[in-house]
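Reader: I would like to learn how to read a protein model, going from the whole chain to a single residue. Where do we start?

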Amino acid sequence: MKSRKTSKKIVLYCEGHTEEDVLKPLLSKYLEELREVQCVLEVNNLKGVGQIKREIGDATRRDLKQPEVIAVFALVDLYGYGSGFDTVAKVKADPRKPVPPEYRDRFHPHLAVHEIEAWIFAVPQVLNEWLGA
């Protein structure tokens, strides 16, 4: 019996439908252009920053246990995530705390100072042109 080749996968956690609807086609197109990167992208809408905070540890463990998953990213709005951060290092470290230590090197959280949509829609003409929309 032949063994089935497993595709590499990147998992992206986001907060809501806007990110989910836009990020997958946007980032998938980017991955297609990087021909040396042969992997699929899975975008998971965790339905709000509160849910992300509650589920990030378990979700990351579950996803990174899968041999085909090479990395997990999280895109979260800073204002909803929390306050009291006095350094960039603390902002970056906080979402990593609930992730088991053996998975932290493949977990990459990114907290946007403004909403994630500000990144996506900063220059809509470029986005439309790039996506061919």
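**From chain to residue**

Author: We start with the surface. The protein chain exposes about 8,500 Å², and carbon and sulfur atoms supply 55% of that area. Bear in mind that this is a predicted model.

Reader: What percentage of the residues in the protein chain is buried?

Author: Of the 133 residues, 37% are buried.

Reader: Which secondary structure elements does the protein chain have, and in what pattern along the sequence?

Author: The chain has six helices and four strands. Their pattern along the sequence is β-α-β-α-β-α-α-β-α-α.

Reader: What share of the contacts joins residues at least 24 apart?

Author: Take the contacts in the protein chain between residues at least 6 apart in sequence: 75% of them join residues at least 24 apart.

Reader: How do I read the sheet?

Author: The general idea is that strands of a sheet pair through backbone hydrogen bonds, either parallel or antiparallel. In this structure, four strands form an open sheet in the order β2-β1-β3-β4, and the pairing is parallel. Strands β2 and β4 (107–112) stand at the edges with a single partner strand each, so one side of each has no neighbour in the sheet. From one strand to the next, the twist averages 20 degrees.

Reader: How many bridges join β1 to β2, and how many join β1 to β3?

Author: Seven bridges join β1 (residues 8–14) to β2, and five join β1 to β3. Both pairs run parallel. For individual positions, look at Ile10, which stands opposite Leu41 in β2. Leu12 stands opposite Val43 in β2 and also opposite Phe73 in β3.

Reader: Is β1 largely enclosed or left open by the rest of the structure?

Author: Strand β1 is largely enclosed, because six of its seven residues are buried. As for helices against the sheet, α2 (residues 49–64) lies across β1, β2, β3 (69–77) and β4. Helix α2 runs at about 175 degrees to β3.

Reader: Now a single residue. Where is Asn44, and is Asn44 buried or exposed?

Author: Asn44 is in strand β2 (residues 39–45). Buried means under 20% relative accessible area. Asn44 has 17% relative accessibility, so Asn44 counts as buried.

Reader: Which residues is Asn44 in contact with, leaving aside neighbours within four places in sequence?

Author: Those residues are Val11, Leu12, Tyr13, Cys14 and Asp63. A polar contact of 3.1 Å links the side chain of Asn44 to the side chain of Glu42.

Reader: What separates the C-alpha atoms of Asn44 and Glu19?

Author: The two residues are 25 residues apart along the chain, and their C-alpha atoms are separated by 9.6 Å.

Definitions and conventions: Residues numbered from 1 in each chain as written. Predicted model: local features only at pLDDT ≥ 70, side-chain atom pairs only at ≥ 80, totals over all residues. Heavy atoms only, no water. Helix = DSSP H or I, 4+ residues; strand = E, 2+ residues; numbered from the N terminus. Buried < 20%, exposed > 50% of the residue type's maximum accessible area, 1.4 Å probe, protein only. Contact = heavy atoms within 4.5 Å. Areas by Shrake-Rupley, 256 points an atom, 1.4 Å probe, with all protein chains shown as cover. Polar contact = N/O pair within 3.5 Å; in protein donor to acceptor, adjacent residues only side chain to side chain. Pairing = 2+ DSSP bridges. Axes fitted to C-alpha atoms, helices over the stretch in contact; angles between N-to-C directions.
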